[in-house]
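Please find below a colleague's note on the model under review. It is arranged as numbered points, each on one topic.

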Amino acid sequence: MKFNMMLKPPTELIVCGFLYISCLFYSFYKNYELSNENLTNYESLDDGWSILRYRRRDDFDWEWEHYIQYVNRHGLYFLAHVGVMELTRRYCMKHISAVLSIGGFSVIYGMYNERILAVLLVQCLSFYYLNSRKHYRRTIWLKTFVWIAVVNYFKVWYFYDKLNIHFNINNDQLLELSLITSWNVIKCTSFCLDKYNLTSPTEEKHYGLKDLLGYVLYFPLMFMGPAIVYSRFKTIHERCTTPTEDSSLPNRLWILARRLTMAWFWTLVMLTGQHFLYVNLIQQDLVLLQHVNLWALYGLGFLMGQFFYVKYVVFYGVAIAFGRFDGIDMPGKPICIARVNQYSDMWKYFDRSLYEFLFKYIYAELCTKTSGLGRKVLASLATFAFIYVWHGVFLFILIWSLINWICILLERLVNHYTLANSRWRAIIGTHVFIPSVLSNFFFFASENVGFIYLRRTYAEGISNYLGLYAASYCFYQTGQLVKIIQKNRGALKLE
C-alpha cells in the first residue's frame with residue numbers, strides 16, 4: 001500500500017522563487033557592468049584566456065590562485081597516490097598505515113625539505129606521547145590550544161620574510177605549511193580523543209603511532225582538507241579488506257574519473273566567471289562600495305558567497321573523490337549557499353567535516369539534548385570561540401564568529417516560537433537571516449568591507465533596509481521551496 005506523502009508548494013513560495021531568481025540576474029548584470037577597465041588595479045589583472053582576449057581575468061583570490069598552482073606543481077603526486085594505494089590494496093593491505101606514513105614523508109620531503117618534515121613529525125609526536133592518564137582529555141586539549149597559539153603567533157606576528165628563511169622555503173610554501181599544520185591540529189585532536197574513548201582493548205588495533213602518521217600525512221586531504229574526523233578515516237582499513245561487488249578497480253577508476261571531471265567542470269565555471277565578474281577586484285575598492293548602486297552592492301555580496309562555494313566544491317570535491325576511491329567514508333560536498341535560508345544549516349552542511357569535529361568533541365561534550373538553555377548557550381559559545389582561534393585571531397574572524405553565534409541563537413529562538421512552514425517564521429526569520437549573511441562579508445573580504453555593508457544596510461535610511469528585506473524574504477521562502485521539493489523527492493524514493 002502506497003501513501004501520498006507529496007507536499008504541494010504554496011503559490012507564495014513559487015512566486016518568491018521567481019522574484020528571487022529575477023533579482024539575482026539583474027544584480028549579476030549590474031556587477032558585470034562594474035567589471036570593466038575603470039576599476040582600480042584593473043591593469044594588474046591576469047591577461048585571461050586567449051579565446052576571451054577582450055576580457056581580463058580576476059586573479060585576486062589568493063586562495064584559489066594558490067590551489068591552481070599547487071595542483072599544477074604537484075598533480076603527479078595524486079597519480080602516484082592512486083598507484084601506490086592500489087598496489088597496497090592488492091599486496092600489503094595490513095600495512096596500509098605504514099605505507100601512508102612512508103608515502104607522506106616522501107611527499108613532504110619532495111615538496112619541501114627535511115625541516116618541514118621535522119615540524120610535522122614533532123607535531124604528531126607531541127600529541128601522541130606524554131599524555132597524563134588521569135587527565136588525558138585535558139592534556140590533549142591543552143596541546144591543541146598550544147599548537148593553535150604557535151600557528152597563530154607565526155601567522156600573525158612572525159610570518160613572511162622571517163620564518164621562510166629559517167625553514168629555507170619560499171612564501172608560497174610557508175603558506176602551505178600554515179594550512180597543513182592548522183588541519184593537523186584538528187586531525188591529531190580527533191585521533192587522540194577517539195583513542196581515549198575506546199571501550200575495549202580490541203578496538204585499539206588502529207590507534208598506533210603509524211596510524212596517526214598515516215592519517216595526518218594522507219596526501220589528498222593534506223593541503224586543502226577537509227579535515228575528516230578519525231572515525232571516518234579509520235574506515236579505510238575496513239572497506240579495503242572487505243571487497244564488494246562495487247570495489248573492482250575498473251569501477252572505482254570510473255567513479256574517480258567521473259568525480260574529478262565534475263571538479264574540473266566547476267574549475268572551468270570558476271575561471272570563466274572570473275573573466276566576466278571581477279568580484280575580488282571590486283571588493284577592494286572601498287570608495288566604490290560606499291556609493292555603488294544597491295543592486296550591485298548586494299549582488300556583489302551574493303557573488304562573493306557563490307564564488308566561495310564553487311571554490312570549495314573544487315577543493316573538497318577532489319579530496320572526496322580520492323578518499324572514496326581509497327575506501328574512506330568521506331562526508332558530502334558543501335551545500336549550495338544560494339538555497340540556505342537558515343545559518344544553522346550552513347554550519348551543518350557546508351564544511352561537514354569541521355561541523356562533525358565541532359559537534360562531536362566540543363558541543364556534545366559540554367551539553368546534551370536535555371541540558372538547560374544556559375548550558376547550551378555556553379556550549380555554543382565555546383564552539384564558536386574555537387572557530388575564532390583556529391581560523392586565526394584576526395578582527396574580521398572575531399566579528400564573523402560573534403555575529404554568527406548571536407544569529408544562530410536568535411534563529412533557534414524564532415524556530416522555537418513559530419511553526420516550521422508558517423509565514424511568521426519567514427517574516428521574523430528574515431530579520432535574523434540578513435545579519436547572518438552580512439557577517440560573511442567580513443570573512444570573504446575584510447572588516448572594512450563588512451562594516452560598509454552594515455552601515456549601508458542599517459544606517460542609510462529605512463528604504464535601503466526594506467529593499468534588502470523584500471529580496472531576502474524571497475530568498476528565505478525560496479529556501480523553503482527547495483526543502484519541500486527535496487522532501488517530495490525523498491517521498492518518491494520511499495514509494
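This is a predicted model: local features need pLDDT of at least 70, side-chain atom pairs count only at pLDDT 80 or more; totals for chains, interfaces and linings use all residues.

1. Aromatic pairs. The count of aromatic pairs comes to 51. One of them joins tyrosine 343 and phenylalanine 433 in a tilted arrangement, with 6.1 Å centre to centre and 55° between the planes. Tyrosine 343 belongs to helix α15 (residues 343–349) and phenylalanine 433 to helix α19 (residues 423–444), so this pair ties together parts that are 90 residues apart in sequence. Both tyrosine 343 and phenylalanine 433 are buried.

2. A tryptophan pair. Tryptophan 347 and tryptophan 400 also form a tilted pair, with centres 5.5 Å apart and 35° between the planes. Here helix α15, which holds tryptophan 347, is linked to helix α18 (residues 395–417), which holds tryptophan 400; the two residues are 53 apart in the chain. Tryptophan 347 has a relative accessible area of 16% and is therefore buried. Tryptophan 400 is likewise buried, its relative accessible area being 6%.

3. Ring pairs join both tryptophans, Trp347 and Trp400, into a cluster whose members include Trp64, Tyr67, Phe308, Tyr312, Phe315 and Tyr316. Phe350, Phe384, Phe443 and Phe444 belong to this cluster as well.

4. A charge over a ring. Arginine 252 lies over the face of phenylalanine 325, at 4.2 Å from the ring centre.

5. The largest nonpolar core. In soluble globular proteins, nonpolar side chains tend to be buried together. In this model the largest nonpolar core has 141 residues, of which Phe233 and Tyr453 touch the most other members. Helix α14 (residues 294–325) provides the largest share of this core, 22 residues. Because domain 1 (62–242) and domain 2 (380–494) both give residues to the core, it lies between them.

6. Contacts of phenylalanine 233. Which residues does phenylalanine 233 touch, not counting those up to four places away in sequence? They are Leu100, Gly214, Tyr215, Tyr218, Ile228 and Ile328.

7. Cysteines. The structure holds zero disulfides. The closest cysteine sulfur to that of cysteine 16 is in cysteine 474, at 4.2 Å, which is too far for a bond because a disulfide needs sulfur atoms within 2.5 Å. Cysteine 16 is buried, with a relative accessible area of 6%. For cysteine 336 the closest cysteine sulfur, in cysteine 23, is 17 Å away, again too far for a bond. Cysteine 336 is partly exposed, with a relative accessible area of 22%.

Terms used
Residues are numbered from 1 along each chain as its sequence is written. Side-chain values use heavy atoms; hydrogens and water are left out. Rings of Phe, Tyr and Trp (its six-membered ring) pair if their centres lie within 6.5 Å; planes under 30 degrees apart count as stacked, over 60 as edge-to-face and the rest as tilted. Helices (H or I, at least four residues) and strands (E, at least two) are DSSP runs, numbered from the N terminus. Buried means under 20% relative accessible area, exposed over 50%, partly exposed in between (1.4 Å probe, protein chains only). A charge sits over a ring if NZ of Lys or CZ of Arg is within 6 Å of the ring centre and within 35 degrees of the ring normal. A nonpolar core is a set of buried Ala, Val, Leu, Ile, Met, Phe, Trp, Tyr and Cys residues joined through side-chain atoms within 4.5 Å. Domain bounds come from an automatic or database domain assignment. Contact means heavy atoms within 4.5 Å.
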